[in-house]
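This report describes the pockets of one protein model and the residues that line them.

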Amino acid sequence: MDGHEIPWPLHALVFVLMLFLLAPALLVFPISFSGDRLLSFPPSSWSFRWYQSLLQNELIISSFLTSLSLAVVVTILSLAIAIPAVYAIIRLKTPGSEFLYNLFTAPLLLPTIVLGLAILIIFATIGLLGTFHGIVLAHLVVTLPYALRVLAVALGNVDLACEEAAASLGAGPLTVVRRVTLPMMMPGIIAATALCFLVSFDELVITLFLTGPKLTTLPTELFRYVETSADPTVACVSVLLFLFTLAIIMIIDRAMGLTQTFVR
């Protein structure tokens, strides 16, 4: 037997572990097609009534659109800030770059409830509570460290000799970055984009401190919904979000490959 071949018991163990981890998520699929009035498993009857009810729920649809637009804006801003910041830190090695990198990634070390409370105190004094741009700034505090960490690894894996070769052939600094550095960083950029989008879209704790009656995101709306209702509508939303996340992963896999994008 080939020494590098993985034995079948290890394959079986990995399959069992994955099934164990995915079991709670997979349970929502049959529950979402339940015809019962309350959440229960197994369902006593089957129906599409809760999907029809979801399409008529204006609050959930509105909160989904808010979360979607919020995640897109936060992702674009995260990349726009992180890419030049990482280049300055890794390539230019500006004075204090190590301190700035540690400062920007420090929120990863703090519990989100601490960040949420601190942001609440600051935003309350400057009138940013319950505003779209206030939530954008709050989410940037969380997504920017992820973007910096992923892009720093991606840029660190770019062969400096390729950039030096382009510069020696007459390419200017901006041309080197645009034609050499960024294309070679593309798997890391795609990984950072997906990570920032999903983190912002799914953020609950910090958002709970900042949303108001006129502005709510999908996670906060679902959190409030389950406090007053116990019907399978939440299971329907969970199924759609599961498929939405799976679609993002499939697009990345088709575009760049998951191994190349997330495994460096």
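The lining of the largest pocket draws at least two residues from each of α8 (173–202), α10 (218–228) and α11 (233–255). The largest share, six residues, belongs to α11. Helices here are DSSP runs (H or I, at least four residues), numbered from the N terminus. A pocket, on a 1 Å grid over the protein atoms alone, is an open set of points where a 1.4 Å probe fits, with protein on both sides within 12 Å along at least five of seven lines; lining residues have an atom within 4 Å of a point.

The model is predicted: local features need pLDDT of at least 70 and side-chain atom pairs count only at pLDDT 80 or more, while totals for chains, interfaces and linings use all residues. Residues are numbered from 1 along each chain as its sequence is written, and side-chain values use heavy atoms, with hydrogens and water left out.

Of the 14 residues lining the largest pocket, F201, D202, P219, L241 and T245 are the closest to its centre.

The second largest pocket is lined by L54, L55, I60, I61, F64, L218, V237, L240, L241 and F244. At least two of its lining residues come from each of α2 (49–55), α3 (58–92) and α11, with α11 giving the largest share, four residues.

| Pocket | Volume | Lining by class |
|---|---|---|
| Largest pocket | about 300 Å³ | 11 nonpolar, two polar, one charged residues |
| Second largest pocket | about 180 Å³ | 10 nonpolar, no polar, no charged residues |

A volume is the space filled by probe spheres set on the points, with grid points joined across faces, edges and corners. Ala, Val, Leu, Ile, Met, Phe, Trp, Tyr, Cys and Pro count as nonpolar, Asp, Glu, Lys and Arg as charged, and the others, Gly among them, as polar.
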